[in-house]
Amino acid sequence: MSAALASLYAQHLDQVIHDSDAALAASGHDSLLIAAGTPRLRFLDDQAPPFVASPHFLHWLPLTDAPGSWIVHVPGRRPRLIFLQPRDYWHVVPDTPRGYWVEHFDIVTVADENAARLELERSLGEHSAVLGEDGAAGSDIAPNNPPALLARLHWTRACKTAYEITLMRAASRIGTRGHLAAARAFAASASEFEIHLAYLAASGQTEAELPYANIIGLNTHGAVLHYTRFERARPDARRSLLIDAGGQYAGYASDITRTYAAEPHGDFAALVATLEEMQQILCLDVRAGQPYPELHLEAHRLLGGVLAAHGLVRCSAEAAFAQGITRTFLPHGLGHLLGLQVHDIGGQQSTPEGGRTPPPPEHPYLRLTRTLEPGMVVTIEPGLYFIPMLLDALRATPAGSDVDWARVETFMPCGGIRIEDDVLCTADDPHNLTREAFAALA
């Protein structure tokens, strides 16, 4: 894979440099310094959460384990990597950089943060943009994170290069292997914790390497949108599994959700199948020029039809949408941008210069309000949940009279449904990275 990545990476780096130079010129800066970041200790503790490099750093190179390192870019010059490789017998020292990307950088290896700081001081221009968390370079060089420059970088990062898509396809295959193992574990009556372990083993990831914490909910736990408890005991009855889990490759993420029904819950299995049909219709609408909020609203219109077809409402699909009934059963957004961050930044940005396009007032949790462009990778993740708190609120409204509450009660023990794929928008037909990965591993 490295040989294939070499030429793609060269093109990717050219694009990153082009976009960075344009952002520097527009914001009035003469150089760019990007921190990988450093581990932060927990409050009143001497331990830190697992290190995660800054997405701005990872956008330049696939160096995920380089705490304390920096990228220095001056337009017209080769980019520099200040690589921190400390003398340390308490921890594993980062390996010396190697691979398809190193020839594109001038690499300076330093042994401690003071030496890194001296190199940075030599790189500072009169108007340097310094990206990182407070304290990333010590008190002498404070990150300034210029808003105008960041806005342009966040805007352009939404559209992925061919190199990035290749890495995201690899992340999809990693996540898919875990999902297939999770489905087998569910069929064997495993507990949530056992399903989680099966996922880790098959995907070849540790918990620290996951792009986000696995969501694995059996039965009613599927109605908790971000359920991460992992019950150790096997439930008395096996009804359903909702698993939302991804893979990570060179810093890039996949984000995949599947829902399974256990026998003999035929009505719930039929509901899952119908929601998947709806989800696939929405995936086909990931096209250039499509405003994502309109796609979100279309999901609610289609969900009205699902509710009506399965007898959950007595009214028409149009009435279920118009009265807001669908919002009770689908309270989150249809999806989001995906890339170096699971919820990639810039999803509500209005222009390259900044600004924010808020979601519709009735749908406050929609993370993506931009119009789709070629190169964007988005998630399409409609759901249908039986959340007691929300259902109780709906029951108390006039619209509640159009709900068949007895029918709803039959589905309550199964929790909920979510189906999620990662879809690449192109100049032509969309490419479903998730379905491609499942097909390749079938």
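**View 1. Strands E13 and E16 pair in the antiparallel sense over 4 bridges.** E13 spans residues 377-380, and E16 covers residues 421-424. Strands here are DSSP runs of E, at least two residues, and helices are runs of H or I, at least four residues, both numbered from the N terminus. Two strands pair if DSSP finds at least two bridges between them. Val 377 stands opposite Leu 424 in E16. This is a predicted model: local features need pLDDT of at least 70, side-chain atom pairs count only at pLDDT 80 or more, and totals for chains, interfaces and linings use all residues. Residues are numbered from 1 along each chain as its sequence is written, and side-chain values use heavy atoms, without hydrogens or water.

**View 2. Both faces of E13 are covered.** Val 377 and Thr 379 are buried on one side. Val 378 and Ile 380 are buried on the other. Buried means under 20% relative accessible area, exposed over 50%, partly exposed in between (1.4 Å probe, protein chains only).

**View 3. His 59 lies in helix H2, residues 55-60.** His 59 counts as buried because its relative accessibility is 13%. Its side chain makes a polar contact of 3.5 Å with that of Glu 164. Beyond four places in sequence, the contacts of His 59 (heavy atoms within 4.5 Å) include His 12, Val 16, Arg 157, Tyr 252 and Leu 340.

**View 4. Cys 283 is buried, at 4% relative accessibility.** The closest cysteine sulfur, in Cys 425, is 12 Å away, too far for a bond. The whole structure has 0 disulfides (cysteine sulfur pairs within 2.5 Å). Cys 414 is buried too, with a relative accessible area of 3%.

Note on methods
A polar contact is a pair of N or O atoms within 3.5 Å; within protein, one must be able to donate a hydrogen and the other to accept it, and residues adjacent in sequence count only if both atoms are side-chain atoms.
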